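Subject: Structure handover

Hello,

Here is the structure for your files. My notes on it follow below.

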Amino acid sequence: QVGVFWNNKLNVSLPVVQPRANWTSTFVKFSPLGSYLFSIHPQGVQSWGRSEFDQIGRFFHPNVRLIDISPNEKYLVTLSPDPITLPPEDHVNRAKFPFSAKDEGNQLVIWDILTELPKKTFALPSSLQNSKKLPWPLIKWSHDDKYCARAGPDAIAVYESETMELLGKQIIKIPGVLDFDWAPAGVALDANKKTKELSSVLAYWV
């Protein structure tokens, strides 16, 4: 049973919509700006929104365990312990299947929320395959959704979100890197005084 209520500390918190049974299989999660509510189901993730919390979209990724949403709500990240497996070519749903042969075996998916199509998939690093405590999120976003990044052994890979291509066409090699994060807002650097352009700043520690 899931309810959504107005947050009101002075009076009784009235429901936005009537509480619903079986709205999710495990948990629900709001997007950062509150535009979407995501629910988890055996076949994947569903998004809900507008004044009545109508269903908006579906993201097919069986047995999803974790999700994350980019700061500007352009992208959804899902993780399943089950590797992606393509149905046989003669299967009735093969044409509707959102993944291709290059995605087989991968478990992490970045989705375009508006088109409901996968932008890129990744395999879990071998060091995390049997980990009992999985660090999350595995994909981290710049404040404006322009870039996303993930850490690997002695390196950070930064991608341009629109194309999902490596920034500069190479990973950033950082021996001993343990974690990283993006600044939560654009940063005014001295180098950009003339243009007043805000920069996406990434920090890491070793």
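Four strands, β7, β8, β9 and β10 in that order, make up an open sheet with antiparallel pairing. Strands here are DSSP runs of E with at least two residues, helices are runs of H or I with at least four, and both are numbered from the N terminus; two strands pair if DSSP finds at least two bridges between them. The edges are β7 (66–69) and β10 (117–122), each with a single partner strand, so one side of each has no neighbour in the sheet. On average, neighbouring strands of this sheet are turned by 20° against each other, direction ignored; the axes are lines fitted to C-alpha atoms.

The model is predicted: local features need pLDDT of at least 70, side-chain atom pairs count only at pLDDT 80 or more, and totals for chains, interfaces and linings use all residues. Residues are numbered from 1 along each chain as its sequence is written, and side-chain values use heavy atoms, with hydrogens and water left out.

Within the sheet, β8 (residues 75–79) and β9 (residues 108–112) run antiparallel and are joined by five bridges. Thr 78 has Val 109 in β9 as its bridge partner.

The largest pocket holds about 410 Å³ of space. A pocket is an open set of points on a 1 Å grid over the protein atoms alone, where a 1.4 Å probe fits, with protein on both sides within 12 Å along at least five of seven lines; lining residues have an atom within 4 Å of a point. The volume is the space filled by probe spheres set on the points, which are joined across faces, edges and corners. The lining has 21 residues, and Leu 128, Pro 135, Leu 138, Ala 151 and Gly 152 lie nearest the centre. β12 (147–152) and β16 (179–182) are the elements that give two or more residues to this lining, and the largest share, three residues, comes from β12.

β16 has a covered face, Phe 180 and Trp 182, and an uncovered one, Asp 179 and Asp 181. In a regular strand, side chains alternate between the two faces of the sheet. Four bridges join β16 to the antiparallel strand β19 (residues 202–205), where Leu 202 is the bridge partner of Trp 182.

For the protein chain as a whole, the secondary structure comes to zero helices and 19 strands. Its C-alpha atoms fill a box of roughly 55 × 50 × 35 Å, taken along the principal axes. Buried residues (under 20% relative accessible area, 1.4 Å probe, protein chains only) make up 36% of the 206 residues.

Regards

Notes. Axes fitted to C-alpha atoms, helices over the stretch in contact; angles between N-to-C directions. Buried < 20%, exposed > 50% of the residue type's maximum accessible area, 1.4 Å probe, protein only.
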